Structures are given as C-alpha cells and as structure tokens.
Amino acid sequence: MARNGINKRELDKWAKNFVKESNRSLERAQRQNPLRVSAQLNATASVSAVPGGEAIEGSGLLARLLLWLDVRAQQNPHYINVSQFLEEAQLPDEDPSVLAFELEQRDLVKVLRNWGGPPEVHLTDAGRAAIHRMKKLRLDRAARLRYTMDAFHRWLFDTAADQAPVTPELFLTTHAAYFAGSEITETELDEALAHLTQYELVEYLDTEPVTVAITSQGASCALTGGSVQDHINQPRTGTTYNNYLPNAKGVIIGEQQHFTQNNTDGIDPTLFVQLAGYIGQVSPILGLPETDRVEVERVAQNLHDEATSDNPEPGRLRQFATQLKAKLLEGASTMAATQGIQMAEQALTTLM
C-alpha cells in the first residue's frame, strides 16, 4: 500500500488503460481523416524547417553567417562568437543576438545562454546539412538567375517609389545581392535585367549613367506576392497587340503583348514586335559604339514599323531581324546583347 492510501498497483493499471485507450482514439482519428492528418504534419514540418516560408539560401545575411560559421567550426568545434562575423563583414548596425536567435529558430545552431555576454553558437546537424545543400545550390545557374530576378525586382519595387529611375548597380551593395551565401555578380545582374526587360517588368531609361525603372506591369507583379516566374507562367487570356511609337530619344517603348493588328498573310509578327521593342529599350547597355547603337535603333524602328503594319512582308521582317542579329554578334558581348540574339533567332524561325 502506497502512502496517503493510494494503491500503486491500481494506479499502474489505470495508467496503462489510459495510454491504451488514447492510442485507440488516435488510430480511429487517423483512419477517419488520413489525408488531413498527413497534410497537417507536413505543413508543420515545413514551417518548423523554414519559419516564415523563406529558404535559408535566399535570406542574404543569415546564409552568409551560416557559411562563415562553417569555416570557423573547422578551426574551433566549440561555441563561436557571432559578433566576430559582423566585425569582419563591417556590419556594425546589425544585432548579433538577433542573428543568432534567428538561426536557432531554424534549428541551424544552438545558442549558448551566457546572459550578458556576446552571443555564442555552435552548428547543429541540421545546420551542417543546410550548409552542404547551399554549397551545391550556389553552383546551380538557373537557381541563381531565378533568385536574382526575384531579388532585384523586389528591391526595385521597394526602392523606386512612383516608378522613379534607379541605377541598377546599387542593388549589388545590399544584403539581398547574395544567393546561398555567395555574391551576385554584375554579369548575373545584367542577365536578370535582360529577362525582366523582355517580360516588361522593368524598362531601361536613356540616361547617363543608364538607369532602370519598374513598369506598371512590374508593380502589379510585385503586389501579387509571387515570384517573377509565377507571373511569367500564368495563363494568358487571349493576346491583343497595341502599336506603340518610340519616345523622343528613339527608344521603342510599350507593352508589345497588347499590340493589335489584322493581316491575312498568316504571319504572326509577335516575336518581331517584341524583338524591336526589346532592342529599343536596352540599346544603351548593349556595349556598342555610339554610331553602331544609333544604327541598331534605326533598324529596330524599321522592324517595328514593318511588324506592326497591316500586312507585314516576310522578306522585310527577315531582313531587319537578320541585320539586328548580325550587329549584335559583331560588336556586343553583354548579357543584354546575348538575349537580343536569342530573340532574333526565335523570331526568324517563325518564317521558316
């Protein structure tokens, strides 16, 4: 007999029956709602792994800190002072405690609770696995390009109020200009800008130095909260085309997917209109000498006029598109020029 008159044998018997009945109830619930239970468990695991839905490779400063910890852990397997990272990176305005706790919240580090002292952490197994994944991911060119497009687009929307022009290179000085802990290069930024311009989410302005501005379509894309790729891949309801003329400086502007045209020759001028508009917009950054740049803009204008006429002639479309491609191959080596060459080749295939 236990103290206070409680029978230990009866208590053990009651506890076993309670556990058994609880297990039976859980099994009945899983049989009745198997999909719901599975979905909830999966959702919980996802939120636990990545709070807020942001993957560590896209978190800028946190990803850099995690890779720095990896290097330091090889020298010192014990707790590491996070403040040293901010000193080396020359980031005096950042709070080391906040960074340490954010990594701990993701289960990537364990924080030593030394109240009053600098935050010290050591990597968890999940942290080492995340580092291994990031080192592989940062070599993925497509993933880097998708990230650069999204990060620059978000930065431009936040920075350029009222669609004001901004020097794009300023983006490279921000925390967002890192993917999986490695720096985004100027070449990668140029390639991302070429795609964003092609899809008319940003436009180049003929200024000195060259600046870019977010378009109304780019602002709409940002407000949806999705990625650039989500916006590009969304289904389109019919295609209308609008004829836009060049601005005063000769740069063809306008959203060519809204161009309206009637012709009976069975020719789809869409890609030629887009090519002309793209070349007109990015001509300042094609890397061409001034005389060649003027010539390219002239040919692009001729192509635009022909492609938007009532009955565009295949021979003239081929002539102007071939001239643009040749000029870009001859004197330009930038990502914007490479994108233009690809667009010209795609347009020319429609005439074969």
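Entry 1. I looked up what the buried side of helix α13 touches. In this predicted model, the buried residues of α13 pack against α11 (270–282), α12 (290–307) and α14 (335–349).

Entry 2. Which residues of α13 are buried? I found Leu317, Phe320, Ala321, Leu324 and Leu328. They lie on the same side of α13 because they cover an arc of only 95° around the axis. The general rule behind such a pattern is that an α-helix has 3.6 residues a turn, so residues three or four places apart point the same way.

Entry 3. I then turned to the opposite face of α13. The face turned away from the buried side carries Leu329 and Glu330, which are exposed.

Entry 4. I checked the length of α13. The helix takes in residues 314–331, 18 residues in total. From first C-alpha to last, α13 reaches 26 Å, close to the 26 Å expected at 1.5 Å a residue.

Entry 5. Next I went to the strands. Strand β3 covers residues 120–123, and its side chains alternate. Val121 and Leu123 point to one face and are buried.

Entry 6. Which strands pair with β3? Strand β1 (residues 80–81) is joined to β3 by two bridges, and the two run antiparallel. Strand β2 (residues 109–112) also pairs with β3 in the antiparallel sense, over four bridges.

Entry 7. Opposite Val121 stands Ile80. Opposite Leu123 stands Val109.

Key. Residues numbered from 1 in each chain as written. Predicted model: local features only at pLDDT ≥ 70, side-chain atom pairs only at ≥ 80, totals over all residues. Heavy atoms only, no water. Buried < 20%, exposed > 50% of the residue type's maximum accessible area, 1.4 Å probe, protein only. Pairing = 2+ DSSP bridges. Expected span 1.5 Å × (residues − 1). Arc of directions from axis to C-beta. Contact = heavy atoms within 4.5 Å.
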